[in-house]
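Visitor: I have the sequence and the fold open side by side, and I'd like to learn how to read them. Can we go feature by feature?

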Amino acid sequence: MSSDQVELKGQPESAVATADALLELRSVTKTFGGLTAVSGVNLLVRQREIVSVIGPNGAGKTTVFNLITGIYRPTSGEILLNGQSIVNQSPDRIVTKGITRTFQNIRLFNSMTVLENVLVGQHTRLKAGVLGSLFRPPQVVAEERKARERALELLSFFGPVLIERQDEYVSNLSYADRRRVEIARALAADPKLLLLDEPTAGMNEAETLDAVKYIRRLRDELGLTILLIEHKLAVTMGMSDHIAVLDYGQKIADGLPDEVRYDKRVIEAYLGRQAKEEADQRDAEAAAREEE
Ligand SMILES: Nc1ncnc2c1ncn2[C@@H]1O[C@H](COP(=O)(O)OP(=O)(O)OP(=O)(O)O)[C@@H](O)[C@H]1O
């Protein structure tokens, strides 16, 4: 990673466009009435990076996701995908441009099977309209067969477990497996950029480790770029190329995991004053050692 990507303690006036930038937020602000949920945020996500957005509750993380996916329109600022503005485009259009997401609270169709949920994720790519679905000419039958094969291929990314349970209602699955199905459904739209909102929430340690492995595989094997919100610091620190930290809607730091981990503003915002005091003490001890 080059130095222009990492800016600690503050941000440039506008993000610098780079050749391999996939997503850029430039001075993005979102206000709700008198409340500024996101304030002048710049963010640069390059191809095949895993980037985390962290910050205390209410910092603006979910609002950033909702802005990128077109649920909200920025009050000001610009959002670019591959250098092209996606502001003012509908959420559906943004999916077809290559951004899909999962949700903090899993949003699957519980009355549908595992396979059906992934098939739903392909709807933006399928050509058959209502008439085609009713009369089922051969090209519609062929398209359905291909969609099914593709859905099974996506489920197989997670090993045999979801393939074996493809015809079960998702409501019968464990929480961790439902999160996998939600990712498979997001993959069905052929994204370039995958947004994962707390992908390990509610998971135990073993499930979390497994999730970290498959998130890395999403990048390494499928070539995806991943932007995630994650509350478990060990998870973000372990797999992120860089981490953006929000506090009260502002980006207070953006850097390598180790840079962010020891940034005092981050420690203060994220871990509270006690942790900051510990950091101050560590600094004082290091300074004393240097003087010796
Ligand atoms: N639709 C909305 N209308 C009014 N205020 C909103 C709306 N969405 C978010 N907010 C406010 O914006 C601020 C940022 O909220 P947001 O959900 O983005 O934070 P967050 O970092 O995702 O928090 P958490 O970690 O708790 O999910 C909060 O003060 C929240 O109450």
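Guide: Let's start with pairing: two strands pair if DSSP finds at least two bridges between them. Helices (H or I, at least four residues) and strands (E, at least two) are DSSP runs, numbered from the N terminus. Here β9 and β10 form a hairpin with two residues between them, and Tyr248 in the turn has a positive phi of about 45°.

Visitor: Before we go on, what sort of model is this?

Guide: This is a predicted model: local features need pLDDT of at least 70, side-chain atom pairs count only at pLDDT 80 or more, and totals for chains, interfaces and linings use all residues. Residues are numbered from 1 along each chain as its sequence is written.

Visitor: Back to the hairpin, then. How many bridges join β9 to β10?

Guide: Five, and the two strands run antiparallel; β10 covers residues 250–255.

Visitor: Is β9 mostly covered or mostly open?

Guide: A residue is buried if 20 or more other C-beta atoms lie within 10 Å of its own, exposed if 12 or fewer, and partly exposed in between, with C-beta atoms placed from the backbone. By that count β9 (residues 242–247) is mostly covered, with five of its six residues buried. Across the protein, 36% of the 292 residues count as buried.

Visitor: What about Glu198, buried or exposed?

Guide: Glu198 counts as buried, because it has 20 C-beta neighbours inside 10 Å. Glu198 sits in the loop between β7 (193–197) and α8 (205–220), and its phi is also positive, near 50°.

Visitor: Last one: which element gives the most to the shell around the ligand?

Guide: A residue counts as near a molecule if its C-beta atom, placed from the backbone, lies within 6 Å of it. The residues around the ligand include Phe32, Leu35, Asn57, Lys61 and Thr62. Both β2 (35–46) and α1 (61–68) give two or more residues to that shell, and α1 gives the most, with three.
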